[in-house]
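Thanks for making time this morning.

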Amino acid sequence: MSPVVLVTEELAAAALDVLAEDFEVRHVDGTDRAALTEALADADAVIIRSATRIDAPILAAGQRLRVVARAGVGLDNVDVPAATARGVLVVNAPTSNIVSAAEQAVALLLAVARHTAAASAALKAGAWRRSTYTGVEVQGKTVGVVGLGRIGVLFAQRMAAFGVRLVAYDPYVQPARAAQLGVRLVTLEELLRESDFVSVHLPRTPETVGLIGEKELALVKPGVRIVNAARGGLVDERALAEALADGRVAGAGLDVFETEPLTSSPLFALDNVVVTPHLGASTVEAQDKAGLAVARSVRLALRGEFVPDAVNVRAGGPVDEEVRPLLPLAERLGRVFTAVAGGVAAGVTVQARGEIAGRDLSVLRLAVVKGLFAPIVDERVTYVNATQLAADRGVEVRLSAADDAGDHAGLVVVHGALPDGRTVAVAGDVTITGSRETARLTEVDGFDLDLPADGVLVFFAYTDRPGVVGAIGMAFGEAGINIAAMRVARRAAGGEALMVLTVDSAVSPELLAGVGAVIGASRAATADLRAD
């Protein structure tokens, strides 16, 4: 049965086509809580926009839910902590609308500077009032950019073409970076005193709500024009209305409001205010980009792969292309480690060796942690909750790197100490044949191996002697389990040996213990690598 993806609001046709290739796509009205709750019962992923609210009760209804995807930037309507606690991945499309949002801010600034909306309304009403709507030029003015994130930077780059002086307030941007953009960093107070135009480009957080309020508007340069196409509530609407009414602020362009939808406000009665109903992302291109981005993220997530646009994964962000092929290997090594160890380690070190040592390896650690706990906890382990599961159990997982990988181009080693003092180590690499990548197990506790890290693996440690291979083959044959491959490694003839089998079906604890007893195994374990 194909995984079910539930779509609660309008989504680009191209995105629906991408989803339909691999999944069963269903539709429901996300504003109908009862219908949404019912539809989530057997959904693996849900894709929403701004009208659907995903909170704790809704998440509880989705027992199979693995992904919540927002086809847009904001996540005000998703309870991210509740999703994280349930191991549900939350993704959005952080870059889908940045060009559209920046262009909307530019459009509002120009409309406010030239009284475009009021003049249009007057002319359509039959009044030709050229002198009434005399505006100002943008060239030569000072434009203040509050927030130099991705959208703020795009806005600044576009405004530079108008021949303006650019100043910006952003405590998280270094002066050298601002200088590269042709922007001078200043304090918020300096920006308000110097700017002829102010455009806000910040996320809505407890720290930014009301950032520009009555006190700040008392500092502005007389005749300033203010634009907010970012998030409602960043500019105090009541204080702004008062500043517009008494002339301290000459005009405002607003695409967002503290409460939405909004159809009545004192601001709407003012001719020097241009308002639009949150149209920053409302372009054909932005909607297509958002839909396609989340469709791809859902596909990655439901395949068990790392999702770069995940907002509740601690190693979020683009994965280095040299590191990406190692993620399935790292997770499988974690599973093998737990199987061979026979329980939870007190501490684990993940080491990357070879050419990848200089790369960003944070996601590699996360993949190993996911594999460590997947076989031993009742809840579903994901990239989202893996780190918390380790923390809850007091397991510290460290990451290290080394240039030397021996005969391997790149090697991942998982090494850890158990509460009883024993140590366990497993290692593997990825071989590339043409376009095919194969994760391989290369070492277990000092025994050199070379077999695919795939399927169901069975491990027996025992004293090397004749007849062991036959005894194991007979026992598995009687149990109806086919042996697909076998590797035997030993330190010396008659010494300690390790046998690893690849079998076609799961091995019961009873069979494992029984075979171990027959051959006198010091250790018997199985790792199911099919579930990653």
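Which residues line the second largest cavity? Before I answer, please keep in mind that this is a predicted model, in which local features need pLDDT of at least 70 and side-chain atom pairs count only at pLDDT 80 or more, while totals for chains, interfaces and linings use all residues. Residues are numbered from 1 along each chain as its sequence is written, and side-chain values use heavy atoms, with hydrogens and water left out.

The second largest cavity is lined by Ala111, Val112, His115, Thr116, Ala117, Ala118, Asp271, Asn272, Val273 and Val274. Two or more of these lining residues come from each of helix H5 (98–113), helix H6 (116–124) and strand E12 (273–275), and H6 gives the largest share, with 3 residues. Helices here are DSSP runs of H or I with at least four residues, and strands are E runs of at least two, numbered from the N terminus. A cavity is a set of points, on a 1 Å grid over the protein atoms alone, where a 1.4 Å probe fits but cannot get out, and lining residues have an atom within 4 Å of a point. The volume of this one is about 40 Å³, where volume is the space filled by probe spheres set on the points, joined across faces, edges and corners.

Let me turn to Val67, which sits in strand E4 (residues 67–70). Is Val67 buried or exposed? Val67 has a relative accessible area of 1%, so it is buried, the term being used for under 20% with a 1.4 Å probe and protein chains only. Leaving aside neighbours within four places in sequence, Val67 is in contact (heavy atoms within 4.5 Å) with several residues, including Asp44, Val88, Leu89 and Val298. Val298 is 231 residues away in sequence, yet the two C-alpha atoms are 6.8 Å apart in space.

Finally, the domain assignment, whose bounds come from an automatic or database source, gives domain 1 (4–96 + 285–303), domain 2 (97–275), domain 3 (316–454) and domain 4 (456–531). The C-alpha centres of domain 2 and domain 4 are 71 Å apart.

How values were computed: Buried < 20%, exposed > 50% of the residue type's maximum accessible area, 1.4 Å probe, protein only. 1 Å grid on protein atoms, 1.4 Å probe; cavity = no way out; pocket = protein on both sides within 12 Å on 5 of 7 lines; lining within 4 Å.
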